[in-house]
Amino acid sequence: SAIVKKLFLEGKIVTVNQEISYEEAENIAMEYDILCEREVKVDVIEELLKEEEEEEASLKDRPPVICVMGHVDHGKTSLLDTIRKTHVTDREAGGITQHIGAYTVDVDGRKITFLDTPGHEAFTAMRMRGANSTDIAILVVAADDGVMPQTVEAISHAKAAGIEIVVAVNKIDKPSANIERVKQELTEHELIATDWGGNTEFVPVSAKTGDGIDDLLETILLTADILELKANPDRRARGLVIEAELDKGRGPVATVLVQKGTLHVGDFVSAGACHGKVRAMIDDKGRRVKEAAPSTPVEILGLSDVPSAGEVFLAHENDKTAKSYAETYLAQNKEKMLEETRSKMSLDDLFSQIKEGNLKELNLIVKADVQGSVEAVKQSLVKLSNEEVVVKCIHGGVGAINESDVTLASASNAIIIGFNVRPDATAKTTAEREGVDVRLYRVIYQAIEDVEAAMKGMLDPVF
Ligand code: GDP
């Protein structure tokens with residue numbers, strides 16, 4: 001009746017169940033301090049992408065967040081398990097360590113947070129949604145096996161994300177272990193050991209016996225010191241959903257990694273299309289906690305629904321903002337938002353991107369049937385760099401175009417060049433879904449010509 005009266009005073013005669021225009025509704029909403037959807041819409045995108053500058057004075061040291069990458073069977077899972085077993089004391093846990101997707105260990109009174117899902121696929125899947133989860137990657141290389149295809153993939157993924165790499169040379173308990181060979185092989189990928197005059201830390205370890213694990217953790221802390229990792233704990237929390245599931249008894253449960261600010265029980269939050277009030281928080285040791293500072297993983301209860309892993313979560317001023325964020329997110333949905341936020345690179349619109357000054361670097365991924373071709377194509381493409389654009393090959397490898405290549409391309413806005421190879425089935429569907437440009441060639445010079453032509457805006461359209 002207040003609204004009917006208000007409109008009446010403005011000279012509009014309406015009844016209670018009469019429709020009014022969007023503009024009128026918006027005006028009324030604003031007057032009553034109700035958030036309008038349209039207003040929020042813009043904010044959602046801005047807020048999600050915002051890498052806001054924080055005042056230097058408000059920044060405090062935070063623990064490093066680590067992920068473990070490497071070739072299959074080189075010992076990623078074993079390493080994570082050993083670190084957890086040796087460095088999370090059961091006493092503080094009341095006997096139980098929870099499996100919540102991430103855990104924090106104490107080393108000499110300092111904390112390190114580990115993401116518990118090994119592999120670069122999980123890491124890049126998060127990055128595809130526009131957020132970086134990790135500060136340092138531990139690259140696990142088995143000393144008896146050396147550098148393998150997924151080792152190379154992992155290096156490309158970590159480098160493309162601009163994160164620091166610490167090499168853990170694993171399985172040194174094996175008689176056939178050869179640490180020097182691993183160092184030698186990694187020089188080809190620009191990871192040069194400090195004792196060889198480079199600046200990559202190599203730590204020999206055995207996930208089986210526990211040898212070298214303390215050294216590895218020390219090295220991580222030293223690397224973190226150099227990175228000067230900081231965050232403002234005194235602001236509304238913001239972070240990432242690491243895992244989420246529907247628990248029979250507890251409803252939607254999400255493990256989140258707080259990246260900035262402090263999350264409290266009672267905070268209003270949104271995570272993708274879900275929202276809610278944090279009813280309870282449980283840490284990785286199964287304890288109920290009241291707050292979670294930057295770099296802390298916690299399980300939260302109280303969301304309306306189960307969010308996807310990799311989704312950004314935000315704490316809000318009140319229930320209403322949290323809800324409108326979630327609703328706007330849902331209404332606009334990812335397709336549109338992501339389309340706007342990460343306009344996919346394609347050879348076809350390369351020239352216009354360069355002209356608009358949007359593009360200073362052209363990222364390429366080169367896959368070929370033999371190593372010789374990979375190198376040849378890479379070198380010729382990189383040479384196409386000019387004053388306007390630097391052509392960079394962020395990954396090169398032998399074999400079919402796989403999902404790892406596509407996710408890397410998607411997260412890094414890269415184009416994939418395949419030479420005498422094709423994408424496998426999963427890679428093909430992912431590329432279509434993510435809008436990644438995959439170009440296949442049989443002759444090297446054609447690949448070079450196409451990229452060159454695209455850079456000059458002279459690429460013939462493909463029909
Ligand atoms: P992931 O695929 O990289 O996660 O590798 P896993 O952690 O599953 O390890 C693969 C295999 O290597 C398992 O059989 C492990 O027991 C074994 N393994 C892992 N680390 C070591 C190690 O330091 N020494 C030895 N001898 N075996 C290891």
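# A walk through the predicted model

Most residues other than glycine have a negative phi. Glu190, although it is not a glycine, has a positive phi of about 60°. With a relative accessible area of 60%, Glu190 counts as exposed, because the cut-off for that class is over 50%.

The loop between α8 and β7 also holds Glu201. The relative accessible area of Glu201 is 32%, and Glu201 is therefore partly exposed, since this value lies between the limits of 20% and 50%. When residues up to four places away in sequence are not counted, Glu201 touches Val166, Val167, Thr194 and Thr219. The C-alpha atom of Glu201 is also separated by 7.9 Å from that of Ile165, although these two residues are 36 residues apart along the chain.

A second residue with a positive phi is Ser295, which is not a glycine either and has a phi near 70°. Ser295 is found in the loop between strand β15 (291-292) and strand β16 (297-303). Is Ser295 buried or exposed? Its relative accessible area is 2%, so Ser295 is buried, the cut-off being under 20%.

The protein chain has 15 helices and 21 strands, and of its 463 residues, 49% count as buried. Among the contacts between residues at least 6 apart in sequence, 71% join residues that are at least 24 apart.

The next part of the picture concerns helices that pack against one another. Two packed helices are described by the angle between their axes and the distance between the axes. Helix α13 (residues 403-412) packs with helix α14 (residues 425-434) at an angle of about 15°, and their axes are 8 Å apart. Because angles under 35 degrees count as roughly parallel, α13 is roughly parallel to α14. The crossing in which α13 passes α14 is right-handed. On the α13 side, Glu403, Val406 and Ser410 take part, and they meet Thr426, Ala427, Thr430, Ala431 and Glu434 in α14. By class, this contact of α13 with α14 has three nonpolar, three polar and two charged residues.

Helix α13 also has a contact with helix α6 (residues 120-128), and here the axes come within 8 Å and cross at roughly 30°. This angle, too, is under 35 degrees, which means that α6 is roughly parallel to α13. The crossing in which α6 passes α13 is left-handed. The contact is made by His120, Thr124, Arg127 and Met128 of α6, together with Ser404, Thr407, Leu408, Ser410, Ala411 and Ser412 of α13. By class, the contact of α6 with α13 has three nonpolar, six polar and one charged residues.

The cysteines complete the tour. How many disulfides does the structure hold? The structure holds zero disulfides. Cys274, at 5% relative accessibility, counts as buried, because that value is under 20%. Cys393, with a relative accessible area of 24%, is partly exposed, because its value falls between 20% and 50%.

Conventions. Residues numbered from 1 in each chain as written. Predicted model: local features only at pLDDT ≥ 70, side-chain atom pairs only at ≥ 80, totals over all residues. Heavy atoms only, no water. Disulfide = S-S within 2.5 Å. Buried < 20%, exposed > 50% of the residue type's maximum accessible area, 1.4 Å probe, protein only. Axes fitted to C-alpha atoms, helices over the stretch in contact; angles between N-to-C directions. Helix = DSSP H or I, 4+ residues; strand = E, 2+ residues; numbered from the N terminus. Parallel < 35°, antiparallel > 145°, perpendicular 65-115°, else oblique. Left-handed = near helix turned anticlockwise from the far one by under 90°. Contact = heavy atoms within 4.5 Å. Nonpolar A, V, L, I, M, F, W, Y, C, P; charged D, E, K, R; others polar.
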